[in-house]
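Reader: Can you walk me through this one? Overall build to start, then a helix pair.

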Amino acid sequence: MIKATIQDTTPLDLLGQAGFAPAPARKSVAGARALLDEAATTLGLDGGLRAVLAEPERALSVAVPVVMDDGELKVFRGYRVQHSSARGPGKGGVRFHPDVTLDETSALAMLMTWKCAVVNLPFGGAKGGVACNPRSMSATELERLTRRYTAAILPIIGPQRDIPAPDVNTDERTMAWMMDTITTIEGQSAWAAVTGKPVALGGSVGRGQATGNGVAIVAQEYLRVTGRSVENATIAVQGFGKVGKAAALALARLGCRVVALSDVSGGLYDPSGLDLARIDEYTGKTPGGLLAGYHAPGVEEIGNEDLLELPVDVLVPSALEAQITRDNAARIRAKVIVEGANGPVTVDADRSLHERGVVVIPDILANAGGVVVSYLEWVQDLQAMFWDEVEVERSLHQRMTRSFVDVWATAQKHGVSLRSAAYLLAVSRVAEAIRLRGIFP
């Protein structure tokens with residue numbers, strides 16, 4: 001029996017962030033291809049080009065042996081899929097979860113291609129992961145897993161090939177382990193090999209709030225182009241985690257009136273507007289950062305379902321997928337839905353809402369702020385020159401604003417929803433890059 005020499009068995013959820021993410025959104029290759037086919041038909045792409053776009057360029061499956069703290073040797077299955085390099089190196093997260101599969105990883109890599117293209121980043125899509133249960137693993141076991149997985153996929157990743165980032169159940173410490181492993185094996189600095197790192201190791205300021213801030217920016221742009229006042233626009237945010245909290249705080253700073261918030265412990269509602277600063281301070285002191293137990297004059301408790309059906313100007317579902325379905329779509333009274341989470345509106349609900357005139361700003365645009373700042377981190381690492389938060393925020397705002405305007409113009413031109421427009425724009429950009437490059441040899 002192989003015996004491990006390190007005996008630290010402290011669970012990761014007691015060492016860093018509180019708890020682990022729940023089951024990730026399940027994406028299938030068939031579902032991802034359906035979105036591609038719809039856009040390709042509208043664009044009139046020929047069958048050969050469709051076939052190129054439908055298949056990942058490379059899919060690597062690796063065995064990840066890890067010596068556990070009790071000396072047992074376990075072998076985990078890991079993946080790294082690169083969907084497209086037509087517009088640049090691959091970009092996409094690494095997730096640790098029991099449900100990680102090659103099919104799901106391939107679908108997510110394709111969706112990353114479209115997300116990078118819709119915000120016009122010089123990246124293609126990639127995704128990776130390891131099928132494991134991080135809740136049952138200690139910090140040292142997770143470090144060994146991360147380092148061995150990194151070594152296994154190292155032949156196909158790097159600053160000009162494929163740049164991993166955090167995803168479900170991974171964080172900046174995971175990225176630090178990945179970066180250090182690459183540096184140790186290659187014998188040279190590897191800051192630009194991964195993003196989402198700690199600031200002290202080449203990470204970018206502003207990365208933690210980037211996704212939520214991006215959500216706020218596109219919401220602001222929608223209000224602007226439709227001639228609605230940002231000041232006092234009413235906002236409901238489902239999910240007061242990393243994305244939802246940043247989005248709510250950013251929208252409040254813009255002058256919006258955040259009237260409702262919720263998380264797994266329940267929700268809060270005050271039609272005159274919630275005190276975001278006070279709530280932020282409160283959740284900073286509660287176990288798991290939850291809203292439960294918060295009380296203030298005029299604030300009433302509501303459920304997550306009730307929050308979704310409030311008559312607000314902007315609804316931001318930023319918790320889990322499939323929160324708005326055909327079962328509750330008819331009861332949604334928000335004027336616009338900004339998808340902070342991945343896939344919170346189902347396909348059936350999306351059609352129903354579009355028919356009723358409810359605008360949905362899709363996830364591949366709305367929550368792309370994270371990958372935008374990942375791009376900014378990569379650029380800073382490559383030039384070894386780092387920006388302050390003001391410059392990062394300026395660049396994020398510029399990129400997200402321009403992307404929203406592009407998607408809005410595409411929707412107006414083709415007379416389609418913003419979701420369809422986002423995919424039309426993304427697929428057309430990738431297809432054009434393939435045409436210009438040609439097919440080797």
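This is a predicted model: local features need pLDDT of at least 70, side-chain atom pairs count only at pLDDT 80 or more; totals for chains, interfaces and linings use all residues.

Reader: How many helices and strands does the protein have?

Author: 14 helices and 12 strands. These are DSSP runs numbered from the N terminus: H or I of at least four residues for helices, E of at least two for strands.

Reader: What share of the residues is buried?

Author: Of the 441 residues, 55% are buried, meaning under 20% relative accessible area with a 1.4 Å probe, protein chains only.

Reader: And what does the C-alpha trace span?

Author: About 60 × 55 × 45 Å along the principal axes.

Reader: Now the helices. At what angle do α6 and α7 pack?

Author: About 45°, with the axes 7 Å apart. Axes are lines fitted to C-alpha atoms over the stretch in contact, and angles run from 0 to 180 degrees between N-to-C directions. So α6 is oblique to α7; under 35 degrees is roughly parallel, over 145 roughly antiparallel, 65 to 115 roughly perpendicular, and the rest oblique.

Reader: Which residues of α6 and α7 make the contact?

Author: Including Val-215, Ala-216 and Ala-219 of α6, and Ala-246, Ala-250 and Leu-251 of α7. Contact means heavy atoms within 4.5 Å.

How values were computed: Residues are numbered from 1 along each chain as its sequence is written. Side-chain values use heavy atoms; hydrogens and water are left out. Buried means under 20% relative accessible area, exposed over 50%, partly exposed in between (1.4 Å probe, protein chains only).
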